[in-house]
Amino acid sequence: MPNRLADRATVWAFRAGWRVVRLLPARVAYAAFDRAADVTHRRDGRSVQRLRSNYARVRPELSPAELETVVREGMRSYLRYWCDAFRLPDLTQQVLHETVRVVGDQGVRDSLREGRGAVMFLGHLGNWDLAGAWSTHELAPVTTVAERLRPEEVYEAFVAFRERLGMRILPLTGGPPAMPELVRALRAGGFVPLLADRDLTDQGVTVTFCGREARMAPGPAALAVATGAPLHPVSVHYERRHGPGGTGSGYDVVVTFHEQVPVPETGRTRDKAAAMTQSCAAALEAAVVRHTADWHMMQRVFAEDVR
């Protein structure tokens, strides 16, 4: 019974968020989420502690006071993601265009124009949902995979939300295998971004990330090997907006397409995918160090934390 009550409360909270936050003036909504982030930071629950631990791993040079400042900003960035998400269904294509600044997208555009498709290795950085909505309008329809959340109603609500934005969502578990559908999407010239900076299955590979061993998902690299579609690491971060416009948060979303990761000429498929995943991890490493507060990693990702 307690679990069922907690699930019902979670469903109610998400539904209320989608309804109420969209009715508030933008500045009021974002200010309220900032305050909620500060309260969450002060309470120092498990998620905040894990965020602090991960930040300490990637930024060992920070003093305790400096680290705590980044953790507080990390919670604000994470809650900004949620405020964006609740308000995203009301954003017009024009506002999306004005909100997102893109770096290094020419290679991806060329591949899509040639009908080769493109696969992206994303980290839990910035607002990937807003970036996905932008990509669907500006590049090509997005096909991706979503982790199945609890309770089921919240997962279904998120799938419906993302599908209303124009994305096609495949379940990570509890449905047909996603890989064949992703292969078909890429061979049809589609755009497949996948969150891959932590391993959600037992198929992950060990990479070196910020000088430490971490487990990441080889799926994006395996897709690139299987289909010939180019693989690009992608990082997303917030930057301060000067002047009105965009989502109303006062921030732009910056989507950076890093250099294409080549497929090794020799080796078994899994070895190729592992080497490419390491290259992706190295590209994201620089983004995480530079924009640490926008890395919303509240789960164990480093090998020393999961042993």
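Predicted model: local features only at pLDDT ≥ 70, side-chain atom pairs only at ≥ 80, totals over all residues.
**Briefing: aromatic pairs, salt bridges and surface**

The structure holds 7 aromatic pairs. Here, rings of Phe, Tyr and Trp (its six-membered ring) pair if their centres lie within 6.5 Å; planes under 30 degrees apart are stacked, over 60 edge-to-face, and the rest tilted. Residues are numbered from 1 along each chain as its sequence is written, and side-chain values use heavy atoms, with hydrogens and water left out.

**Overall**
- The protein has 12 helices and 9 strands. Both are DSSP runs numbered from the N terminus: helices are H or I with at least four residues, strands are E with at least two.
- Of its 307 residues, 52% count as buried. Buried means under 20% relative accessible area, exposed means over 50%, and partly exposed lies in between (1.4 Å probe, protein chains only).
- Among contacts with a separation of 6 or more, 77% join residues 24 or more positions apart. A contact means heavy atoms within 4.5 Å.
- The protein exposes about 14800 Å², and carbon and sulfur atoms supply 52% of that area. Accessible areas come from the Shrake-Rupley method with a 1.4 Å probe; for residues, only the protein chains shown count as cover.

- Tyrosine 78 and tryptophan 82 both lie in helix H4 (residues 64-87), 4 residues apart, about one turn of the helix.
- Tryptophan 82 is buried at 15% relative accessible area, whereas tyrosine 78 is partly exposed at 23%.
- Tyrosine 81 also pairs edge-to-face with tryptophan 82, at 5.3 Å centre to centre and 80° between the planes. Tyrosine 81 is buried, with a relative accessible area of 3%.
- Ring pairs join Phe33, Tyr78, Tyr81, Trp82, Phe86 and Trp128 into a cluster.
- Arginine 80 lies over the face of tyrosine 238, 5.2 Å from the ring centre. The test is NZ of Lys or CZ of Arg within 6 Å of the ring centre and within 35 degrees of the ring normal.

**Salt bridges**
- The structure holds 19 salt bridges, each a side-chain nitrogen of Lys or Arg within 4 Å of a carboxyl oxygen of Asp or Glu.
- Arginine 76 and aspartate 38 meet at 2.7 Å, N to O. The pair links distant parts of the chain: arginine 76 is in helix H4 and aspartate 38 in helix H2, 38 residues apart. Aspartate 38 is buried at 11% relative accessibility.
- Asp34, Asp38, Arg72, Glu73 and Arg76 are linked in a salt-bridge network.
- Glutamate 304 and arginine 57 meet at 3.4 Å, N to O. Glutamate 304 is in helix H12 (residues 303-306) and arginine 57 in helix H3, so the pair ties together parts 247 residues apart in sequence.
- Arginine 59 bridges to glutamate 61, with the closest N and O atoms 2.6 Å apart. Arginine 59 is buried at 18% relative accessible area, but glutamate 61 is exposed at 52%.

**Loop leucines**
- Leucine 24 sits in the loop between helix H1 (2-23) and helix H2 (26-43). Leucine 24 is partly exposed at 33% relative accessible area.
- Leucine 62 is in the loop between helix H3 (46-58) and H4. Leucine 62 counts as buried, at 18% relative accessibility.
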